[in-house]
Amino acid sequence: MQKQRVIIVEDDEITSLNLNMSLQKHGYSVVAVCDNPEQAENKIQTHNPDVIIVDISLQKTSDGIELAKRIKEKYNIPFIYLTSYSDEATISHAKKTEPYGYIVKPFDPNSLHATIQMALFKYQVENERKENIQTLKLDKTNLEKMLYLKKSDSEPIVPFGDEYHLDISKCETFYQGKKIKLTKKENAFLRLLVAQIGVVVSFEQAMNYVWDENGATENSVRTLVWRLRNKLETDIIKNASGIGYYIEEN
């Protein structure tokens, strides 16, 4: 059985040594140990590891969090934060990068192993979902058919969330009977979510459907979701870390 490959990004020599020893005892292959973001990115490109452990406070700055952002955007590799910080500001900042787990210093070797295995499992499940979603070729005609199949028997109304409904004849969204004013892109994205209730809408699917023009990015989708959430009365749009968004089935 092939060993799972790990890169450690930690600027404290003793901590990185202990991590390295613990990981090897649990059967992992530590392919690189780095103490700065630049070196880490070079090693990531060289080794393409299965998981990366990143110290939040590299060189006593937020460089670890900035590195994690780049890992998420460029490499699609699961990462786990290593931290001795418990203050709300640091954790809040780190949470926005959607890590696959946290390890608190001083770490317990068994908890370290369990956290890595959970991260790898979560990553595998998300990728399988992503592959399933990518096989769905969704254009505007198919989406309208999907919405039509979800409507109530007598009216062109598709209920979703808690007390929301979509009027597919008018392309309008309502909460408790009151219309919610949405932009064209916000409305398109919400229709995409409602048409696939309970299924994750990937970033790629959203970019292809919502934006007619080229140049949309995952950050474009995140900004759109942020604006949309501010207009909705309740938090019905859920994150699928690193993949996209979904609305839960009632």
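What percentage of the 250 residues in the protein do buried residues make up? I find 44%, with buried meaning under 20% relative accessible area (1.4 Å probe, protein chains only). I keep in mind that this is a predicted model, where local features need pLDDT of at least 70, side-chain atom pairs count only at pLDDT 80 or more, and totals for chains, interfaces and linings use all residues. Residues are numbered from 1 along each chain as its sequence is written, and side-chain values use heavy atoms, without hydrogens and water.

**Overview.** I looked up 9 helices and 12 strands in the protein; these are DSSP runs (helices H or I, at least four residues; strands E, at least two), numbered from the N terminus.

**Helix H3.** Gly64, Ile65, Leu67, Ala68, Ile71, Lys72 and Tyr75 are its buried residues. They cover an arc of only 160° around the axis, so they sit on the same side of H3; the arc is that of the directions from the helix axis to the C-beta atoms. Their cover includes strand E1 (5-9), helix H2 (37-47) and helix H9 (218-231). Just after H3, I noted asparagine 76 with a positive phi of about 50°.

**Helices H7 and H8.** I found Lys185, Ala188, Phe189 and Leu192 of H7 meeting Gln205, Ala206, Tyr209 and Val210 of H8, contact being heavy atoms within 4.5 Å.

Conventions: Buried < 20%, exposed > 50% of the residue type's maximum accessible area, 1.4 Å probe, protein only.
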